[in-house]
Amino acid sequence: MADITSDALSGLVAPAEPRQSKAPPAPDARLITVIELLFFAYRDFTRDADAILATFGLGRAHHRVLHFVDRHPGLRVADLLEILKITKQSLAPVLKQLIDAGWIAQQTGVEDRRERRLRATAKGVGLARRLDQLQAARVAGALGACGPGSEAAVRRFLFAMISRDERTRVETVLPEPAETDR
């Protein structure tokens, strides 16, 4: 039996043309600039905190959990899942590590024993506040560089970036209203 090779078939079958899909047009360069500025700002906003977290074997997911648990003592796990928009499966290993290392304490709910309530331990509060101070200094410096009245515009912009259907929920978590005249 003869082997059939691609050389033998080359004259019989036309090579398939690569599918040419038309790419959508690129957005306006001004918008791409804002998108890239957001990427770079987030990179630098998280850099110092990431370095400190790494010394404890923690990462950004741990930081987000610790931040909201510190800011809202007694926070229900269900509410934390809603704030972070993550699944129980993705929260479980992060939360376990924070609890096992003594950053966060977990208690059963008083009224509903099925609830799990979270609070930062003294150790967790110390780390959360240290990270808050670093990031607050960066935000304050950036707002100062933008000049008087810039905070209101920045808050309006960031709040507008949040999905419309999430804004009311987000405002309940913030320490003060998102939109102010500052």
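Which residue forms a salt bridge with R47, and how far apart are the closest N and O atoms?

Analyst: The partner is D44, and the closest N and O atoms are 3.0 Å apart. Before we go on, keep in mind that this is a predicted model, where local features need pLDDT of at least 70 and side-chain atom pairs count only at pLDDT 80 or more, while totals for chains, interfaces and linings use all residues. Residues are numbered from 1 along each chain as its sequence is written, and side-chain values use heavy atoms, with hydrogens and water left out.

So what counts as a salt bridge? The term means a side-chain nitrogen of Lys or Arg within 4 Å of a carboxyl oxygen of Asp or Glu. The background idea is that side chains of opposite charge can pair when their charged atoms come close. R47 and D44 are three residues apart in helix α2, so about one helical turn separates them.

D44 is buried, with a relative accessible area of 19%, whereas R47 has 43% and counts as partly exposed. Here buried means under 20% relative accessible area, exposed means over 50%, and partly exposed is in between, using a 1.4 Å probe and protein chains only.

Now for the other charged pairs. The structure holds 14 salt bridges. One of them joins E115 and R117, at 3.2 Å from N to O. E115 is buried at 17%, and R117 is partly exposed at 31%. These two also belong to a salt-bridge network together with R76 and D79.

Another pair is E176 with R155, whose closest N and O atoms are 2.5 Å apart. E176 lies in the segment after α8 and R155 in helix α7, so this bridge ties together parts that are 21 residues apart in sequence. E176 is partly exposed at 29%, while R155 is buried at 19%.

Since R155 took us into α7, let's stay there. The helix covers residues 150–161 and reaches 17 Å from its first C-alpha to its last, close to the 16 Å expected; that expected span is 1.5 Å times one less than the number of residues. Its buried residues are S150, A152, R155 and F159, and they pack against α6 (122–146) and α8 (167–173).

For a charge to sit over a ring, NZ of Lys or CZ of Arg must be within 6 Å of the ring centre and within 35 degrees of the ring normal. The charged end of K123 does this with W103, at 4.4 Å from the ring centre. W103 itself is buried, at 5%.

Finally, the nonpolar side of the story. In soluble globular proteins, nonpolar side chains tend to be buried together. A nonpolar core is a set of buried Ala, Val, Leu, Ile, Met, Phe, Trp, Tyr and Cys residues joined through side-chain atoms within 4.5 Å. The largest one has 23 residues, of which V65, L80, I104 and L127 touch the most other members. α2, the helix we started in, is one of the elements that give two or more residues to this core. V65 sits in helix α3 and is buried at 2%. Not counting residues up to four places away in sequence, V65 touches L80, L84, L91, V94, L95, L98 and I104, where contact means heavy atoms within 4.5 Å. Take L91: it comes 26 residues along the chain from V65, and their C-alpha atoms are separated by 8.5 Å.

Conventions: Helix = DSSP H or I, 4+ residues; strand = E, 2+ residues; numbered from the N terminus.
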